[in-house]
Amino acid sequence: MTESTTYDVVLLAEQGLSEQDARQVRGLHDDAPAPLRYHLLLPVEDAAARVESAMGSLSTGETMMATPVAFDSQDLAGIQDDLLDHARAEVRASVAAFSALDAEITGDIVTADPIDALVAKATAVDAAEVIVLTRSHVVAEFFHLDWTSRARRKLGVPVLHLIEHETFDEQAGGPEGISGV
């Protein structure tokens with residue numbers, strides 16, 4: 001923790017966070033020492049990778065397109081600008097969701113490797129913990145190539161992985177505890 005005794009939590013999210021996500025994350029820190037500060041990082045998709053992925057999925061069928069589609073640098077720049085605008089809007093909405101819960105939060109978009117940005121932010125704020133919020137990525141998680149596994153290898157603080165847009169009960173496969181006894 002920093003000298004100002006702020007309890008800093010760095011959040012790396014794959015997509016914008018909903019009000020439910022904000023409530024759940026904030027609820028994890030009801031007993032955290034005050035003051036509490038969140039630092040949200042939201043990666044921006046790369047336009048060229050997005051176009052390449054879309055084109056690859058189009059050509060996975062039995063027949064490929066007869067004429068390849070060409071994108072010039074202006075097309076890619078326009079797509080990248082749209083992706084940046086979308087990411088900025090998601091950061092603003094996520095920050096607003098936390099602010100509505102009286103949580104202190106900063107939000108930044110990330111254009112570099114998400115784990116490198118996470119490590120840099122966690123180091124810069126002397127984070128007490130890190131939370132990674134993603135969709136479920138079964139294959140990457142199985143091979144420990146997911147963001148959470150990569151972050152755990154690089155950081156010396158607790159790293160919690162949550163599934164975005166799901167309640168804790170949904171993440172656990174349903175209500176926990178003993179029922180019908």
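A residue is called buried when its relative accessible area is under 20%, exposed when over 50%, and partly exposed in between (1.4 Å probe, protein chains only). By that definition, both Tyr38 and Phe98 are buried. The structure is a predicted model, in which local features need pLDDT of at least 70 and side-chain atom pairs count only at pLDDT 80 or more, while totals for chains, interfaces and linings use all residues. Residues are numbered from 1 along each chain as its sequence is written, and side-chain values use heavy atoms, with hydrogens and water left out.

**The sheet**

- An open sheet is formed by 5 strands in the order E3-E2-E1-E4-E5, with parallel pairing; strands (E, at least two residues) and helices (H or I, at least four) are DSSP runs numbered from the N terminus, and two strands pair if DSSP finds at least two bridges between them.
- Strand E3 (104–110) and strand E5 (159–163) stand at the edges with a single partner strand each, so one side of each has no neighbour in the sheet.
- From one strand to the next, the twist averages 20°.
- E2 pairs with E3 in the parallel sense over 7 bridges, and Leu42 has Ile109 in E3 as its bridge partner.

**Strand E1**

- Strand E1 (residues 7–13) is mostly covered, with 7 of its 7 residues buried.
- In a regular strand, side chains alternate between the two faces of the sheet.
- Leu12 stands opposite Leu41 in E2, and the bridge partner of Leu12 in E4 is Val132.

**Helices across the sheet**

- Helix H1 (residues 19–27) lies across E1, E2, E4 and E5 and runs at about 140° to E2; axes are lines fitted to C-alpha atoms, for helices over the stretch in contact (heavy atoms within 4.5 Å), and angles run from 0 to 180 degrees between N-to-C directions.
- Helix H6 (residues 147–154) lies across E1, E2, E4 and E5, at about 170° to E5.

**The aromatic pair**

- Rings of Phe, Tyr and Trp (its six-membered ring) pair if their centres lie within 6.5 Å, with planes under 30 degrees apart counted as stacked, over 60 as edge-to-face and the rest as tilted; the count by this rule is 1 aromatic pair.
- The ring centres of Tyr38 and Phe98 are 5.1 Å apart and their planes are at 50°, so the pair is tilted.
- Tyr38 lies in strand E2 and Phe98 in helix H3 (residues 73–99), so the pair ties together parts that are 60 residues apart in sequence.
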